[in-house]
Amino acid sequence: MSETAIKDMAEATTVISNIQQIKTVSVIGAGTMGNGIVHVFAQNGYKVQMIDIAQPALDKALANIGKNMDRQITKGSITEEQKNAALANITTHIDMEGGLSGADLVVEAATENVDLKLKIFKDIDRLAPAHAILATNTSSISITRIAAVTSRPAQVVGMHFMNPVPVMKLVEIINGYATTKEVTQVIYDLSVHIGKVPCVVNDYPGFIANRILMPMINEAIISLQEGVAGVEEIDTIMKLGMAHPMGPLQLADFIGLDTCLSILNVLHNGFGNPKYAPAALLTNMVQAGRLGAKSGEGFYKYTSGSKELVVSDSFAGNQWK
Ligand SMILES: NC(=O)c1ccc[n+]([C@@H]2O[C@H](COP(=O)([O-])OP(=O)(O)OC[C@H]3O[C@@H](n4cnc5c(N)ncnc54)[C@H](O)[C@@H]3O)[C@@H](O)[C@H]2O)c1
């Protein structure tokens, strides 16, 4: 038997079963969530391989991570040396093969699109080591469906971080239909190890976080569309009335309106219940490229460097009669 075959057999029988075995984490997608996930793993001493389709996305993500770590230095939560050590743990890759080589854990955080994720998971399955756990940060797509395109559904799990990842404590862990208890336990222990608070849920559309959050955001958009109230009024009512740190329309801008639309479509299709149908205004805004903070405008306008919240001209002057 060749050396490679022996290595392959050994790998095939030793799926990661405790967090000490995890040294290298590959993160696919360097957008809003990907760069935060890379930040947290790198800061916790993991070797992180950050993968995206084009170098500019990777450069932007690295610059973001640096800026966010500078903010942590200003607050006194990390030192300059810790920042440099964390950045030295990160390598960037535009080829999946190089970026997945030697990975013990893969966290997929690419665009929320079913066909794209199914394709990416087929590639991960082909290229990542047999012992690796394959996690997805999807907000809503079925873990079971993603797992089914791989040859190792027992090793596929949801690891749903919240935005911004370095700040938000929650990790919603999602058991796919075939995920083993051991794999879920490793992701649970790992989440605790990197300073997060994990909650385990089962695989139904939207899991828990978005099954509850997205209908609220959608209802806020429908209320705006019907002229019940303006952007500021809707957000202020939910902030001051319900003690939410941010109104639903601002939160939608922050999440990305395209992501919100995709999640609502998953809920709508998954449950077949019209109560989840996305607001026509949301669909229009996404089609018009008004994606929220990341595109510079959504319900609010985002001029670079300004912290002031300014309602988009499209919704200004929406006054009560
Ligand atoms: N934005 C949020 O608040 C939030 C919160 C929790 C979970 N999520 C989930 O995280 C995932 C990523 O969302 P995001 O907001 O970071 O999206 P984003 O649009 O900011 O970033 C997605 C990144 O994926 C990259 N990408 C696309 N196809 C790729 C491929 N084939 N290979 C490698 N990279 C590829 C894109 O170039 C982009 O950089 C989605 O599944 C989303 O549902 C988002």
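V25 has L105 in strand 4 as its bridge partner. Keep in mind that this is a predicted model: local features need pLDDT of at least 70, side-chain atom pairs count only at pLDDT 80 or more, and totals for chains, interfaces and linings use all residues. Residues are numbered from 1 along each chain as its sequence is written.

**The sheet**
- Strand 1 (residues 24-28) and strand 4 (residues 105-108) run parallel and are joined by four bridges.
- Two strands pair if DSSP finds at least two bridges between them; strands (E, at least two residues) and helices (H or I, at least four) are DSSP runs, numbered from the N terminus.
- In general, strands of a sheet pair through backbone hydrogen bonds, either parallel or antiparallel.
- Here, eight strands make an open sheet with mixed pairing, in the order 3-2-1-4-5-6-7-8.
- Strand 3 (90-93) and strand 8 (197-202) are the edge strands, each pairing on one side only.

**The ligand**
- Around the ligand are 26 residues, and the closest are G29, G31, M33, S139 and N163; a residue counts if its C-beta atom, placed from the backbone, lies within 6 Å of the ligand.
- Helix 2 (32-43) and helix 6 are the elements that give two or more residues to this shell.
- Helix 2 gives the largest share, three residues.
- The ligand lies between domain 1 (3-202) and domain 2 (209-315), because both give residues to the shell; the domain bounds come from an automatic or database domain assignment.
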